[in-house]
Amino acid sequence: MLNRRLLRAKAVQSLYAFQQCQQSDYELALDKIASDFLPDLNSMEVQDPVKLAEGREQAQKLFKEQYLNKTLTLDRPVSAKVEKSAAEAIRFYHQALKKDYENLSRSLVRETEKIFDNYLRFLLLLVELGAQAKKEHQDSLNRKFTQVSVAEYTFKLAKNPIIAKLAAHSALKDEALRRNIVWDNELVREWYKLMLKEDFYKQYRSLPETTDEDELNIVLSIAKQFILSNDAVLAYFEENDIGWTDNMPVIKSMAVKTIKRIAEAPAGEQIPLQELSPNWQDDKEYLIELFAKGVQESAMAQQMIADRTQNWDIDRITVLDKVILNLAISEMIHFPSIPVKVTINEFIEISKMYSTPKSYFFVNGLLNTIATDLQQAGKVKKSGRGLIDNK
């Protein structure tokens, strides 16, 4: 099941991406100005390359000075062409940045919700592998002339009770239909052939009789030792989910819990599917707002970091560390129900997971200092659960 640490990590990744977009949009705006001052090859008039270069430099200087504003304010005389070029570049920059923000915000939610899609896809893959066992069994029965007699119990996965319950699970089928989740038969057939070579599956096929525990263990083994371990299967999930590395432990936990609960359920009883989180609507709002506040408070956060690292070259601090600090500061200020200590500890753990080996020492020390500054300035106002351990 989803937890807030994973949501924070996804916000970090999105804010990092947004900052890369900012830099790209900035460079594109400068390129746009440069293109305004290229010689017009279709013009019959003589063009002065020196004046064009001067105009480009003036327009780019104006843009660099005022690109954070949404409109151009002139404090010195420039040509109409220079004014127009700089103003259009500023509009272009803010329009591009707004589009990038909206896309990343939507993608942030969409990629998080993909965890539930892949949970369903994971369970359906078990069903499809069971269907391949049925097909293999049927193909063996259809062979009139065979030199090798294959024991009936070899195909027992086709009758595995847990896979049978999954195949008959109405909620699983309805959700898969609603989300258009369908496995390619040819792909699953290739994977089934790979699974036939696995030692754990060979051992299962060799058992003349099996217990309920054996049937549960084989489904868990397929999940853990094949789906989550086979290079070909993993490559598929990684290709279709850019957050697979982070999402996989959650998907594994959800799938294993479902398998075990189905195994324990009485015949005819359908257990509910796992939820993405106990309250996804609240978590989604938190995720969107955390990203939004991180963007909104970026300049303020960077200034606080710079003020507290005067003996450092701010450019030496990794971009990722600055993003982590930015979001931690934003969470302290804008989420009154979250204790300061929780915020600090969570973002320290994220720095351990994603940043350089020694980053968490730096993040830890700086966040504690900044938290004290914010509290003394009256910018941190906690209520309810946010007051717990808030000392």
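Mentor: We shall discuss the salt bridges of this structure. The model is predicted: local features need pLDDT of at least 70, side-chain atom pairs count only at pLDDT 80 or more, and totals for chains, interfaces and linings use all residues. Residues are numbered from 1 along each chain as its sequence is written, and side-chain values use heavy atoms, with hydrogens and water left out.

Trainee: How many salt bridges does a search of the whole structure find?

Mentor: A salt bridge is a side-chain nitrogen of Lys or Arg within 4 Å of a carboxyl oxygen of Asp or Glu. The search finds 17 salt bridges.

Trainee: Which residue forms a salt bridge with glutamate 136?

Mentor: The partner is arginine 205, with the closest N and O atoms 3.1 Å apart. Glutamate 136 lies in helix H3 (residues 80-142) and arginine 205 in helix H7 (residues 199-205), so the pair ties together parts that are 69 residues apart in sequence. Helices are DSSP runs (H or I, at least four residues), numbered from the N terminus.

Trainee: Is arginine 205 buried or exposed?

Mentor: Buried means under 20% relative accessible area, exposed over 50%, and partly exposed in between (1.4 Å probe, protein chains only). Arginine 205 is buried at 15%, whereas glutamate 136 is partly exposed at 21%.

Trainee: What separates lysine 193 and glutamate 190 in helix H6?

Mentor: They are 3 residues apart in helix H6 (residues 185-195), which means a separation of about one helical turn.

Technical notes
Helix = DSSP H or I, 4+ residues; strand = E, 2+ residues; numbered from the N terminus.
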